[in-house]
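The following exercises ask the reader to work from the overall fold down to a single side chain. Each task is followed by a solution in steps.

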Amino acid sequence: GRELLFLHTYGERFANGQSWPKPMVKCHTPVPGPGLPEKFSYHEDRQVINIGGGEFGPVSPSVWKFEVSGLKIVQSWLGYRMLKRKGKSSSPLDDIRPAEWSSEFTTELLKLLNLLTRTLENYPSQAELLDEILAGELLTADALGDVPEQYRKAPKQKAGQARLAF
């Protein structure tokens, strides 16, 4: 559970002794500029995502198809960063966005793909842990006690401290 929380908060929670996993997915060919890409595609046979001529891999089919409540995570993330943006537009603020693909987009995409890869690798052990929890003794909220103060506050970032990078 702690590793999953560590991953899904991009290392800002439960970092005690954990380090970000070694990247499995890499950028083979950078997304060419100028401007934003017009389209993206997934090639299951080669396990790569092509984004306007840029290429990222290996991306397993399970990562590409990963969804939460029907939302395909990778396709949604990419759709918001295409020339013709996908998704709902609720205000004029939605039109304020970068004019071109940046190295920051590449870094964020790699973090997301690696996070999902590691999450799916952990599914078997997560299933075992859930089975243990469900077979265990039930506790009331009172038995758990108060939440430690360290978990109530946002993590503090030291001046000059870099965020996780690949």
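**Exercise 1.** State the order in which the secondary-structure elements of the chain follow one another.

Solution. Reading from the N terminus, the elements run α-β-β-β-β-α-β-β-α-α-α-α. The tally is six helices and six strands, where helices (H or I, at least four residues) and strands (E, at least two) are DSSP runs numbered from the N terminus. This is a predicted model, in which local features need pLDDT of at least 70 and side-chain atom pairs count only at pLDDT 80 or more, while totals for chains, interfaces and linings use all residues. Residues are numbered from 1 along each chain as its sequence is written, and side-chain values use heavy atoms, with hydrogens and water left out.

**Exercise 2.** Determine what share of the 166 residues in the chain is buried, and what share of the contacts with a separation of 6 or more joins residues 24 or more positions apart.

Solution. Buried residues, meaning those under 20% relative accessible area with a 1.4 Å probe and protein chains only, make up 28% of the chain. For contacts, defined by heavy atoms within 4.5 Å, the share is 61%.

Key:
Buried means under 20% relative accessible area, exposed over 50%, partly exposed in between (1.4 Å probe, protein chains only).
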